[in-house]
Amino acid sequence: MSAAEFDARERCNWSGLAQRYGQSYARVCAGSVSFLTESAQVQPGHRILDVGTGTGTVAAAVMSTDAMVTGVDADTSMIEVAARLVPEADFRLATLPALPFEDAQFDAVLANFVINHVGRPMAALAELRRVTAPGGHVAVTIWPQPPSPGAALLTQAIRDCGAQRQISKLASQDDFPRTERGLRELLEAAALHSVTCKVIDWVLEVDPAEWWEVASGVSWMREFESSHLSFWVRSSTGSGTSVASSEHRTGS
Ligand SMILES: C[S@@+](CC[C@H](N)C(=O)[O-])C[C@H]1O[C@@H](n2cnc3c(N)ncnc32)[C@H](O)[C@@H]1O
């Protein structure tokens, strides 16, 4: 699938879904936030950009450290919900790989589970680097392969129900291996330096019926009827992710 087709599908998959996302997958994605802020070495007074802010979980965590927060997302409903959660932050509608900021405007740029939702990951990372000040940090997370127990459970449920998932696959020239090495090499190819990358994991305990009620319509799960899959989610949902951080140095 071309990058443009991938991005168009992403716009559909997130459109107007902030409330449902906030009650479901945002809770899954919250597990990596402390790793992300530590990796980016967020300090009081820093200018921080949260890209693909969603319902504002990362922005809220950063704001609590007395840093100055700007958040962007490609979906209006996400921006609206994030702005209610973190009224002190500056939220704007913007879509990677083009951000409406001058070069070197931020001390750190964070993107929690966003690089895996863009049609041109390399161009997106180059844009994160562009808006990061010399000596600043870029920190991102993606879902790794092989998948976490929670992600594997969903795939198994879909398979066992006889449903087909239409996977949005990037064109080979745009894709990268969803491994520590794959993500590290992508960051390095985007001219980021001193890159470290590791797989982290955490457990999110949920009431299956309650969680599934909202989660089933979010992102790519929108393609399925919740009734097809609801009986399957009976246990806690575990997650794992690759978290990577890197430094942006000028002239090197
Ligand atoms: C999995 S959610 C992560 C949200 C948030 N970072 C969090 O931790 O909860 C992915 C978010 O990225 C946004 N997004 C997807 N593609 C984007 C793009 N090209 N530019 C900006 N935001 C994008 C979606 O609208 C969605 O809010």
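Reader: What makes β2 and β3 paired strands?

Author: Strands are DSSP runs of E with at least two residues, and helices are runs of H or I with at least four, numbered from the N terminus. Two strands pair if DSSP finds at least two bridges between them. Strand β2 (residues 68–73) and strand β3 (residues 90–93) are joined by four bridges, so they meet the definition; they run parallel. One of the bridges links glycine 71 to phenylalanine 91 in β3.

Reader: Why is the unit of β2, helix α6 and β3 called right-handed?

Author: Helix α6 covers residues 76–85. The word applies because, with the strands pointing away from the viewer, the path from the first strand over the helix to the second runs clockwise.

Reader: How do you know which residues surround the ligand?

Author: A residue counts if its C-beta atom, placed from the backbone, lies within 6 Å of the molecule. There are 20 such residues, and the closest are Gly52, Gly54, Ala74, Leu96 and Asn112. Elements giving two or more residues to this shell are α1 (3–14), α3 (25–29) and α5 (57–63).

Reader: What is the mean pLDDT of the protein chain?

Author: On this scale of the predictor's confidence in each residue, from 0 to 100, the mean is 85, and 82% of the residues reach 70 or more. Over residues 226–240 the pLDDT is below 50. Where pLDDT is low, the predicted coordinates should not be read in detail.

Note on methods
Residues are numbered from 1 along each chain as its sequence is written. This is a predicted model: local features need pLDDT of at least 70, side-chain atom pairs count only at pLDDT 80 or more; totals for chains, interfaces and linings use all residues. Two residues are in contact if their C-beta atoms, placed from the backbone, lie within 7 Å.
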